[in-house]
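Student: Let us go through this model label by label. I want each value set against its definition.

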Amino acid sequence: MRFRLALPMLALLAGLGTTLAAPAVADPGPVTAEDMSAADACYTWGRTLSQGASGDDVRQLQIRVAGYPGYGGVLAIDGQFGAGTKAAVTRFQQAYGLGADGIAGPATFTKIYELQDNDCTPVNFSYDELNNCNSDWSGGNVSAATAKANALVSMWKLQAMRHAMGDKGIVVNGGFRSVACNNAVGGATGSRHLYGDAVDLGAGSQGFCGLAKQARNHGFSEILGPGYPGHNDHTHVAHRSGQFWSAPTCGI
Ligand SMILES: [Zn+2]
């Protein structure tokens with residue numbers, strides 16, 4: 001919940017006292033220079049970002065467009081705006097009908113503000129549904145903060161996937177597990193659920209194979225679905241080093 005008041009925003013707030021209380025959520029209207037400094041309760045970008053830029057604002061952007069790496073790709077969340085980030089921003093812009101130039105400016109940020117909740121999760125997913133193990137994300141194979149950060153990236157990937165599949169709800173059965181929770185459900189040693197980035201997707205209109213196939217386009221390097229042992233009743237998506245996809249029933 002970052003909330004830094006930049007000087008231009010203070011000037012804006014002085015003139016428009018209600019701006020802070022009403023971040024743009026519906027029709028953002030024409031994009032103006034002031035939009036760049038409009039307050040967002042989660043995170044507010046203060047400059048246009050293009051290839052060659054670096055910094056935490058780039059990293060924040062990368063988290064939001066992590067679901068747009070292209071088929072089989074994984075976008076690095078490294079704060080360096082390279083060719084991969086440009087391509088991901090371009091795909092994000094195309095997905096939402098924005099001018100697709102790979103440069104993140106006011107229109108792109110306004111769309112992201114619409115898509116994010118005050119806790120920085122995308123509007124259609126929440127920390128709660130990605131953790132039905134405990135309340136504080138502790139006890140996994142990484143720190144609680146890392147597990148939660150990993151879950152956030154997975155949620156943005158799912159938001160991209162959801163949009164690509166017609167904005168129909170995606171059922172989430174669970175995500176993060178502590179070692180104790182993982183043992184209790186008979187999870188594999190080293191399961192990505194212990195890292196916070198794994199999400200088990202439940203039965204919905206998309207079908208398990210539909211989800212598994214679509215996930216290949218949205219940055220999930222680990223996809224397990226029907227035909228893989230223990231995965232006939234859900235589709236598992238996660239991040240890992242290297243790619244491992246297996247859902248034989250789906251032709252994956
Ligand atoms: Zn799983």
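Predicted model: local features only at pLDDT ≥ 70, side-chain atom pairs only at ≥ 80, totals over all residues.

Student: What makes a stretch a helix or a strand?

Tutor: Both are DSSP runs, numbered from the N terminus: helices are H or I with at least four residues, strands are E with at least two. On that basis the protein chain has seven helices and five strands. Their pattern along the sequence is α-α-α-α-α-β-α-β-α-β-β-β.

Student: How do you know that the length of H5 agrees with what a helix should span?

Tutor: The expected span is 1.5 Å times one less than the number of residues. H5 has 21 residues, so it should span 30 Å; its end C-alpha atoms are 30 Å apart, and the two agree.

Student: What is the phi of Asp167, and where does this residue lie?

Tutor: Its phi is about 60°, a positive value, although Asp167 is not a glycine. Asp167 sits in the loop between H5 and strand S1 (172-174). Trp137 is another case: its phi is near 65°, also positive in a residue other than glycine. Trp137 belongs to the loop between helix H4 (106-115) and helix H5 (144-164).

Student: Is Trp137 buried or exposed? And why is Asp167 called exposed?

Tutor: Count the other C-beta atoms within 10 Å of the residue's own, with C-beta atoms placed from the backbone: 20 or more is buried, 12 or fewer is exposed, in between is partly exposed. Trp137 has 24, so it is buried. Asp167 has 10, so it is exposed.

Student: Why does Gly82 count as partly exposed?

Tutor: Gly82 has 15 C-beta neighbours inside 10 Å, so the middle class applies. Gly82 is in the loop between H2 and H3. Its C-alpha atom is 8.0 Å from that of Ala53, 29 residues apart along the chain.

Student: How do you know that Ile63 is buried?

Tutor: Ile63 has 21 other C-beta atoms within 10 Å, so it passes the cut-off. Ile63 is in helix H2. Val58, Leu61, Gln62, Ile63 and Arg64 are the buried residues of this helix, which covers residues 56-64. Across the protein chain, buried residues make up 39% of the 252 residues.

Student: What touches Ile63, and what makes a contact?

Tutor: Two residues are in contact if their C-beta atoms, placed from the backbone, lie within 7 Å. Leaving out residues up to four places away in sequence, Ile63 touches Ile77, Leu152, Val153 and Trp156. What covers the buried residues of H2 includes helix H3 (83-95), H4 and H5.

Student: What makes two strands a pair?

Tutor: DSSP must find at least two bridges between them. S2 and S4 have three, in the antiparallel sense, so they pair. Val199 has Val237 as its bridge partner in S4. S3 and S4 also pair antiparallel, over three bridges. There, Glu222 is partnered by Ala238 in S4. Strand S3 (residues 222-224) and S5 run parallel and are joined by three bridges. Leu224 has Ser246 as its bridge partner in S5.

Student: Which way do the residues of S4 point?

Tutor: Thr235 and Val237 point one way, His236 and Ala238 the other, and all are buried.

How values were computed:
Residues numbered from 1 in each chain as written.
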